[in-house]
Amino acid sequence: MPSSLLVAGITVVLFALLPEVAFSKDTANNDYLAELQQHARKIKLSEQRVWHLLLKYNPRFFGAVVSEADGMDFFNAPDGKTNPESELSATLASFFLPSDQLKKNKEHPQCNFPARFKWLDQQLKFDTNRLRIQVCDRLDRWVNELDPVGVTLVFATYYLNNPASMFGHTLVRIDSRDRGGERKLTNYGANYAAIPDTDNPFLYAWRGLTGAFEGRFAIFPYYTKVQEYNNLESRDLWEYELNFTEDQLNTMLLHLWELGGTYFDYYYFQENCSYHVLSLFEIAKPELRLKDRFFFSVIPADTVKIVLEQDNLVRNAVYRPSILSQMNQKRHAMTNVQEQTLQRIVKAEISLESDEFARLSTQSQVLLLDTYMDYLQHQSMQQKNNHEVKIPHSVLLTRSRLQVAEEKTKAVTHFSSPPDHGHGADRLRIGMGHNDQEPFMEFAYRPAYHDLMARDEGYDKDSEIIFMDFKLRYFLESRRVRLDQARLLSITALNPYDSLLFKPAWRMDLNIDTLRDRNCNYCNVIKGSYGRGISYRPAFFSPLLLFSFLDLRTEFSDHLARDYRIGGDVEMGTYYDFNNHLRIKLAASYQAFILGEHKRFFTSHVVTRYAFSQNLDIRLEFNRYDHNNEGIFAVNYYF
Amino acid sequence: MIRNSLVVFAVFLFLLPLSAGAAGYGTAGCGLGSMVIGSDRGAKQIFAATTNGTSGSQTFGMTSGTSNCGDHGLLNLSKEREVFASENYTSLVKEMAQGKGENLNILASMYQCPIANYQEFGAMTQDKFNDLVAGAQTTPIELLSRLENQLNQHRALSKSCNIQLSVLKR
């Protein structure tokens, strides 16, 4: 379309849109608006990165763009969602709206879109004699109250019990000038989250994955989120204080104000919390290119990594342990006798009024009571009423009578490691092996996330999530390529046994596998299993872990006698860390299928992993299924 | 293929032992009455950006009719102590029994106590614990009013701290 036609088209649209402005008596205003619009077109303002960031435009095919925002109030032009230029013209026009023509209870566009106003003013240098600057009372009070001097990226570690939080979560904290130091908890936090409209977990997952939920930004006192994540869900928080200038922070805040009025379709893997948090940082400092690297999925820990990779962006990192970690830190410092006493207090075998307790040293009593109170707080977080004291008054009173001299600050034991220390979530694997018949090569890729044989810094060390792990094998003698395995989703939570807080281990697995307990020319089978078990680690940081599981299994394949078999298995095994690099796993199971095809057999596995670095390891595996054996040497690369 | 596997993924999420976590967890400040109720399966409660119809670009967590909130979507400063004490009640009471802690220091700062007096503030709450928290029934608001009484009676803290709401700036 010739540009003159386009201009005419836009002018027509504007006339139709804003008759008040267009036919205003004040023709000088119109002249100035036309002048600004023309100038903006001339310098191609609507093609600039900042404009695209402000309006959340994303490239589509053939140079087209579409905005991620789905609430139409976010745009001034009817085609603003897909047309940056007409949106820019319409935005300029909206700034000229006389305040007496505002609809009742509506803010002036200058106050609704303050970040756009700020940027356009910087670019076009508005003449305040010809464009009336509006007073934005609510916005001004909001900005003045928040008065940011910093912003903090907060990472909440993994919460396996809720699929929506399996990969962690990020939010930002707005650090106000007068809420620094000791008062950091009183800052406001900004969070982007889906607003679920269903209780049904099936619909919940489905809508979360397909973008059917509305995602919105919200702001709240940061301490409420600390209570929610740290204490209710027992997730450690990692806080990364970032370096931005006050002007950059002001832009971020003004943009946040604009976002508060709209919503986005929430996509669990792509347009999620972390994605939108990154876009806040890009608005503040458009030179940052944080989102560009993500295309398949935006995993919260990866966004922390990319922020940490930027020069001079992170000022400081702070670990905020959950109530559970605080309790375990204290238990970690206990002697065996103290730990036993704690267990007896919890089981009410020792009363706090008893002589036995009174005979202990004050220091012991303090340690025991502080730990016990953490335990009670943790246990009671799940209960109904939040505004009640959850710790029995007698316990509190006993503790209040004990005074200890200010102890030296001890080194804090970290019960989770910083997310940026973790290996990349994507994994590429190349291997070679031999089965009873012939040698083969192996190629595998998975986009997410962490398996128990990988190095566990930055991850929950007792759990595993494998998503979409596809493995092909090329058999050298029969010259065939076969799908060896496709692990669609596999989750394991070992939850090592703790006599204070018992949580059973559980695991589930859904995959397409090779039927390995017979020779069927590498035929495939669809498998599902779910199991519960128990695992044991002798001490918090012991290198040894023992586990056993009882699983239910179903398998479908046209190579099975009745096309299916249903049964179960019992598995026992162990993991052992020789050091940071070397880990070994031994496991054996007995599988019995009693419906469909009947079959009973043993399997056994020996896996050794040696990690060269965070992102590179080699593994040696030996697997036996019934009478079939295979050995594999593989290299894994994480990115 | 991707679509199919997402279906399968969703089906399996259905089978997960979803946690019963968030039931009854309260909210604070400007979310009061406006939050999306978390299900008993652990769905998170959020401070919804509810529209209250007073402006075009709605800001955050604004609900008409909650006295804790200003019309700009942030807490009213006069309610700051109350909301803080309610939301962190268990942590706060625990720290009072211990005579120190992060939440306790924040409370001291909300009474304008200088940093040098935080320790004394903590020691006082431990010393007077039984007066401050008389029993399991004490509410956060009662706790604050008793605390203000104790502050007034305290030799040093009555001078260095200030319980008046009017001193909170802005």
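This is a predicted model: local features need pLDDT of at least 70, side-chain atom pairs count only at pLDDT 80 or more; totals for chains, interfaces and linings use all residues.
Residues are numbered from 1 along each chain as its sequence is written, chains are lettered from A and ligands numbered from 1 in the order written, and side-chain values use heavy atoms, leaving out hydrogens and water.

Let's start with the sheet. In chain A, seven strands make an open, antiparallel sheet ordered 8-6-5-4-3-7-9. Strands are DSSP runs of E, at least two residues long, and helices are H or I runs of at least four, numbered from the N terminus; two strands pair if DSSP finds at least two bridges between them. At the edges sit strand 8 (264-266) and strand 9 (314-320) of chain A, each pairing on one side only. Strand 3 (residues 148-156) and strand 7 (residues 237-242) of chain A are joined by six bridges, and A:F155 stands opposite A:W238.

Now the salt bridges (a Lys or Arg side-chain nitrogen within 4 Å of an Asp or Glu carboxyl oxygen).

| Pair | N to O distance |
|---|---|
| A:R289 and A:D292 | 3.2 Å |
| A:R565 and A:E597 | 3.4 Å |
| B:E148 and B:R81 | 3.9 Å |

Buried means under 20% relative accessible area, exposed over 50%, and partly exposed in between (1.4 Å probe, protein chains only). A:R565 is buried at 1%, and A:E597 is buried at 9%. B:R81 is buried at 4%, whereas B:E148 is partly exposed at 21%.
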